[in-house]
Every structure is written in C-alpha cells, then in structure tokens.
Amino acid sequence: MTYTTIPNHNFDEQEMSRSIFITPRMDNKEIFNLRNTALEFKHGKSYKILKQYESDADLVPYMLLHLNEVFKDIVIINPYVYFVINFLKNSNFYKRDFDKFNGILKTITALNYYNHEIHDIDGERVILTNIADVQQFMSLLKPYRESISANLAPKAVEVLNDIRNNIDDWMEQDDSEALSLGITTNQYFSLQNLGLSKDSVKKYIYELANKGFLQVTDQSGKSNVYDLTKSEVSYINDDLKHIDDTVHQIICREVGEWVIDIMLEDKFVEDLSIMNFDDEVKKPPWL
C-alpha cells in the first residue's frame, strides 16, 4: 500500500500495478484544527489519550508474532473469492490486483481468527473467511471502491463526487456566470471543496471526461464546459447470500457441500466497519 501526497505526479504502470494507493483527505481542515488545538494543551485529556495510543502501538509487533505462531498450522480459505473477482473485474491490473486484495481480505480473517471455527480438511486445519470479514474489507476500501472498479485515480473520484453532490447548489448560487450547461475547470477550481491546485483540477477533470463521467456541453471562451454524464461506476453485487450455480458447483467439487451450508448460515453484522472504535477504546474528542 502506498500513501501518497505527491502533487501532479504521474505514477507509471509498474507502480500502479504493484501498489494500492491511499491518498490523504483534503476536506478535513476542521478536524485538523480541532486536533491541534486539543493537543496543544500538554498533559490534557486528549494528549493523554494520544500517549496511550502510542504506548498501545508498541504491542503491534508482538501481535504479529503471535499471529505468525498461530498460523503455522492453520490455512485460511476464502470461499467468497468470487466477490473479490467481481470487485476487480474492470481493473486494468486485475491479475496482480487479485493477490493484493484477496490477501487483504485474508489478513482481516487472520486478525479475527478467534471468531472463526477451525475445520479439518483432509487432516489440515482450516478457517474460512466469513461475511463479517468481507464487510470489514469493504469498509476499509469504501473510499477507493469507485476508483478501483472504474480505473480512476482516487482523487478523480473525489472530484466526481464533489461535482455530483454540489453542482445543483452551485447553479442556484451563481449570479455572475450561468452554470446551466455545466462547469469549466476554472469555475470548478474556485468552487471546489477539496483544496486541489489548478493543475490537479485540470488533470482530474480531463481524466473524468476521458473515462466518460463528464462530457463537453459547450465552450466558454477557450474553455470547455463540462457536465455530468449518466455514466455510473459498475455495480458490485453485495448480496453475499446469493451463490451462483457455477460457484456452488466449484465449492462442492473442490471441498464439499458443508462449506455452502456454512456460507448460507453466515450472518451480516449490522453497521460493522473497520473504522469503528471498540467500546473500550477512548474515541478522540475531535472525531
């Protein structure tokens, strides 16, 4: 995974095919300022919570050593592998992406192993990825879901959603120039909520138009006027309870009907998200 703050850097295909790009939020100024205001008071409540987090983080290497020991003789099988395949079906790098994303899902299963029953398959100890693991996987990747399935840069998706969510209000509020036919890059740059540079705005608007999410509807001087198209990102079926006949046959042939029985009994956990704080963990006041 690559956390990047590099503006206007064009990653080549080698980098793109080997990484999962995580980009910083640009709309969190209020939370950023609240956090810094609270932490400025050294030895205050928030500062003590931060120090506790830092102390707890020292335990992570030991957690990994423990998991390494546990999984010396346990194999993880993901019977929802078809969901990962569907999730990546439009990716330019689906062959490499499969191992990356299926690996993330199996890692979540490993972290939650104490909630999984251990099964015996031909003398081998096995745990199965379950629906709760998939729910956490999807909550982790929610900000990048459209990016992955539509082959868009994560920030391009943020621009697309910013326009989707606000263009009607911008049209109503604009008195100087009519936005009835769409928006130019300069207009979007001045109205945006993401804090992007003008070069970045041009780059992402072009990408969205090139991929069919925006269309040129008019000209304003030398500038194109863009409007939303009816294009939507490919729908990903979240109905994990529905198992296609082909998948059913493969699982029964390879392992047995008992895996299908477990999958059909598997339950969704309401509001489950990898971003949720455990009740025993103190939530920072700025959140």
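Author: Helices here are DSSP runs of H or I with at least four residues, strands are runs of E with at least two, and both are numbered from the N terminus. By that rule Leu-64 is found in helix 4. The model is predicted, so local features need pLDDT of at least 70 and side-chain atom pairs count only at pLDDT 80 or more, while totals for chains, interfaces and linings use all residues. Residues are numbered from 1 along each chain as its sequence is written, and side-chain values use heavy atoms, with hydrogens and water left out.

Reader: Is Leu-64 buried or exposed?

Author: Buried means under 20% relative accessible area, exposed means over 50%, and partly exposed lies in between, with a 1.4 Å probe and protein chains only. Leu-64 has 52% relative accessibility and therefore counts as exposed. The C-alpha atom of Leu-64 is separated by 9.2 Å from that of Leu-111, although these two residues are 47 residues apart along the chain.

Reader: Which residues form a nonpolar patch on the surface?

Author: Patches are made of residues with over 30% relative accessible area and no salt bridge, where like charges are joined within 9 Å and nonpolar side chains (Val, Leu, Ile, Met, Phe, Trp, Tyr) within 5 Å. In this structure the nonpolar patch consists of Leu-59, Val-60, Tyr-62, Met-63, Leu-64 and Leu-65, which together have about 640 Å² of accessible area, a value that comes from the Shrake-Rupley method with a 1.4 Å probe, only the protein chains shown counting as cover for residues.

Reader: How many salt bridges does the structure hold?

Author: Side chains of opposite charge can pair when their charged atoms come close. A salt bridge is counted when a side-chain nitrogen of Lys or Arg is within 4 Å of a carboxyl oxygen of Asp or Glu, and the structure holds 6 of them. One of them joins the side chains of Arg-125 and Asp-73, at 3.0 Å from N to O. Arg-125 lies in strand 5 (residues 124–128) and Asp-73 in the loop between helix 4 (60–70) and strand 3 (74–77), so this pair ties together parts that are 52 residues apart in sequence. Arg-125 is partly exposed at 35% relative accessibility, and Asp-73 is partly exposed with 42%.

Reader: Which salt bridges lie inside a helix, with partners separated by about one helical turn?

Author: Among them is the pair of Lys-100 and Asp-97, whose closest N and O atoms are 2.9 Å apart; these residues are 3 residues apart in helix 6 (residues 94–111), and both are buried. Another salt bridge joins Lys-155 and Glu-158 at 3.2 Å, N to O, and these two are likewise 3 residues apart, in helix 9 (residues 154–173). Lys-155 is buried, with a relative accessible area of 7%, whereas Glu-158 is partly exposed at 23%.

Reader: Which residues have the most contacts inside the largest nonpolar core?

Author: In soluble globular proteins, nonpolar side chains tend to be buried together. A nonpolar core is a set of buried Ala, Val, Leu, Ile, Met, Phe, Trp, Tyr and Cys residues joined through side-chain atoms within 4.5 Å. The largest one has 28 residues, and those with the most contacts inside it are Tyr-80, Phe-83, Phe-101, Phe-137 and Met-263. The elements that give two or more residues to this core include helix 7 (131–141) and helix 12 (245–254), and helix 7 supplies the largest share, 5 residues. A second, separate core has 20 residues, including Ile-163 and Phe-213.

Reader: How many aromatic pairs are found?

Author: A pair of aromatic rings is described by the distance of the centres and the angle of the planes. Rings of Phe, Tyr and Trp (its six-membered ring) pair if their centres lie within 6.5 Å, and planes under 30 degrees apart count as stacked, over 60 as edge-to-face and the rest as tilted. A search of the whole structure finds 6 aromatic pairs. The ring centres of Tyr-80 and Tyr-82 are 6.2 Å apart with planes at 50°, so this pair is tilted, and Tyr-80 is buried, with a relative accessible area of 1%.
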